[in-house]
Amino acid sequence: MTIDSRQVAAGILEAVPFARTLGIEFVEVAPEAKGGVRAVVRLPDSPATHNHIGGPHAGAMFTLGETASGAVVLAAFGQLFDRAVPLAVRADIAYRKLAMGPMLATARLGRPALEVIEELESGQRPEFPVEVEIATEEGKPTSAMTVIWTLRPN
């Protein structure tokens, strides 16, 4: 699998203007072993996104994680978007440690892409998880998120 990370970043930022509003940056979008995909996105430290204790607001952290998950979906399944629409079905986030400064979200596809594609091609509406770890730039984990996505056939 070949991934054009600049094309994925441009596609997400065009489709989700709120990610642009927050200043989210794309660090990496790359294939992994066994057909997996990984995306790393960054939320810069900005007073405009701070909460009452000076760190990133929970909503900004959620958007960071969802944006990373969307980049994984676009990279893994973008070739199918002419016949299926990607939709987030639900998301769960656990804020575990105090987050301060710039944040990185690393998202990974939770099922083999080929398995999801086979379900779609058999007429099903597949659901699949994208697991996201949110951490400081120094690598200290602060939050964990799971976004369940589907590909709704057109």
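Student: In which helix is Glu115 found?

Tutor: Helices here are DSSP runs of H or I with at least four residues, and strands are runs of E with at least two, numbered from the N terminus; Glu115 is found in helix H4. This is a predicted model, in which local features need pLDDT of at least 70 and side-chain atom pairs count only at pLDDT 80 or more, while totals for chains, interfaces and linings use all residues. Residues are numbered from 1 along each chain as its sequence is written, and side-chain values use heavy atoms, with hydrogens and water left out.

Student: Is Glu115 buried, exposed or partly exposed, and which side chain does its own side chain contact?

Tutor: Buried means under 20% relative accessible area and exposed over 50%, with partly exposed in between (1.4 Å probe, protein chains only); Glu115, at 36%, is partly exposed. A polar contact is a pair of N or O atoms within 3.5 Å, where, within protein, one must be able to donate a hydrogen and the other to accept it, and residues adjacent in sequence count only if both atoms are side-chain atoms. The side chain of Glu115 makes such a contact with that of Arg111, at 2.7 Å.

Student: How should I read the strand order of the sheet?

Tutor: Two strands pair if DSSP finds at least two bridges between them. Here six strands form an open sheet in the order E1-E2-E4-E5-E6-E3, with antiparallel pairing, and the edge strands, E1 (25–31) and E3 (84–95), each pair on one side only. Within the sheet, E5 and E6 (residues 141–153) pair over nine bridges, and Val132 has Met145 in E6 as its bridge partner.

Student: Which strands does helix H4 touch?

Tutor: Contact means heavy atoms within 4.5 Å, and angles run from 0 to 180 degrees between N-to-C directions of axes, which are lines fitted to C-alpha atoms, for helices over the stretch in contact. Helix H4 (residues 113–121) packs on the sheet, touching E3, E4, E5 and E6, and its direction makes about 30 degrees with that of E6.

Student: How many aromatic pairs does a search of the whole structure find?

Tutor: Rings of Phe, Tyr and Trp (its six-membered ring) pair if their centres lie within 6.5 Å; planes under 30 degrees apart count as stacked, over 60 as edge-to-face and the rest as tilted. The search finds one pair: Phe77 and Phe128, tilted, with 4.9 Å centre to centre and 55 degrees between the planes. Phe77 lies in helix H3 (residues 58–77) and Phe128 in strand E5 (residues 127–136), so the pair ties together parts that are 51 residues apart in sequence.
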